[in-house]
Amino acid sequence: MPIIEVELDQSICCGGRQCVAAAPDAFEYLDKGIAAVRPAAAEVNLEQLLQAARNCPVMCITIRRDGEVIEPQ
Ligand code: SF4
């Protein structure tokens with residue numbers, strides 16, 4: 001089973017919530033106006049994670065599989 005890692009660079013997150021809409025079990029919206037990775041994000045369906053990363057307007061979500069970046073490509 002591949003190891004999936006999900007990162008979110010909060011320093012550039014603009015708070016549009018596209019990630020939350022695409023993968024609500026992987027991302028949450030914080031009161032301070034930015035998103036965060038939920039603890040169980042790595043267990044979420046990979047396609048949903050990839051879609052969330054692709055939908056992010058500032059490309060601040062990185063998805064790795066077995067240590068290799070698979071999104072953004
Ligand atoms: S889609 Fe990107 S910029 Fe928008 S809230 Fe999610 S991480 Fe932040």
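In helix α2, which spans residues 46-55, L49, A52 and A53 are buried (20 or more other C-beta atoms, placed from the backbone, lie within 10 Å of the residue's own; exposed means 12 or fewer, and partly exposed lies in between). Seen down the axis of α2, these buried residues fall within an arc of 95 degrees, so they line one face of the helix; the arc is that of the directions from the helix axis to the C-beta atoms. This is a predicted model, in which local features need pLDDT of at least 70 and side-chain atom pairs count only at pLDDT 80 or more, while totals for chains, interfaces and linings use all residues. Residues are numbered from 1 along each chain as its sequence is written.

**Fold**
- The chain has two helices and five strands, where helices (H or I, at least four residues) and strands (E, at least two) are DSSP runs numbered from the N terminus.
- Read along the sequence, these elements follow the pattern β-α-β-β-α-β-β.
- Buried residues make up 23% of the 73 residues in the chain.

**Ligand shell**
- The ligand is surrounded by 16 residues, of which the closest are C13, G16, C19, A35 and C56; a residue is counted if its C-beta atom, placed from the backbone, lies within 6 Å of the molecule.

**Loop residue D31**
- D31 is found in the loop between β2 and β3 (35-37), and D31 is exposed, with 5 other C-beta atoms within 10 Å.
- D31 and P57 are 26 residues apart in sequence and, C-alpha to C-alpha, 20 Å apart in space.
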